[in-house]
Amino acid sequence: MAELASAVGAPVADVKLAVSEAVGNAVLHAFRDRRPGTVRLSARADRARLLVTVTDDGTGMRPNLKSPGLGLGLSLITKLAEDVRFDSTAGGTTVTMSFSLRGVVAEEG
């Protein structure tokens with residue numbers, strides 16, 4: 001992901017940290033109380049941004065009072081990415097993040 005971010009002009013450090021948090025959250029939380037499943041990572045660049053999606057087929061976002069983490073992952077992701085969407089159901093979670101490309105001005109709609 002870092003190589004792609006660099007190649008298209010996205011903020012490499014922000015992409016690396018946000019994607020790492022999203023994947024880490026999926027690995028740590030998605031398959032609680034069940035067998036491990038699948039975590040998928042995809043990305044594509046369009047004219048003005050890098051879109052990154054992390055999808056799991058886990059049990060959806062739900063509180064975990066026994067979590068060893070600090071609980072800062074989601075807020076960190078929302079601070080690093082320009083836009084973040086969370087879609088969670090009992091069949092899994094999808095986190096979609098967008099990062100502006102350097103030197104590209106997004107069109108206002």
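**View 1. Helix α2 of a predicted model.** The expected span of a helix is 1.5 Å times one less than its number of residues. Helices (H or I, at least four residues) and strands (E, at least two) are DSSP runs, numbered from the N terminus. Helix α2 has 18 residues (12-29) and should span 26 Å; its end C-alpha atoms lie 25 Å apart, which agrees. The model is predicted: local features need pLDDT of at least 70, side-chain atom pairs count only at pLDDT 80 or more, and totals for chains, interfaces and linings use all residues. Residues are numbered from 1 along each chain as its sequence is written, and side-chain values use heavy atoms, without hydrogens or water.

**View 2. The buried side of α2.** Val-15, Ala-18, Val-19, Ala-22, Ala-26 and His-29 are the buried residues of α2 (buried: under 20% relative accessible area; exposed: over 50%; partly exposed in between; 1.4 Å probe, protein chains only). They cover an arc of only 130 degrees around the axis, so they sit on the same side of α2; the arc is taken from the directions from the helix axis to the C-beta atoms. Exposed Ala-13 and Val-27 are on the face turned away.

**View 3. The open sheet.** Four strands run in the order β1-β2-β4-β3, with antiparallel pairing (strands pair if DSSP finds at least two bridges between them). β1 and β3 (83-89) are at the edges, each with a single partner strand, so one side of each has no neighbour in the sheet. Seven bridges join β3 and β4. Phe-86 stands opposite Val-95 in β4.

**View 4. Thr-53 in strand β2.** Thr-53 belongs to β2 (residues 49-56). Thr-53 is buried, at 18% relative accessible area. Beyond its neighbours within four places in sequence, Thr-53 contacts Arg-40, Leu-41, Ser-42, Thr-94, Val-95 and Thr-96 (contact: heavy atoms within 4.5 Å).
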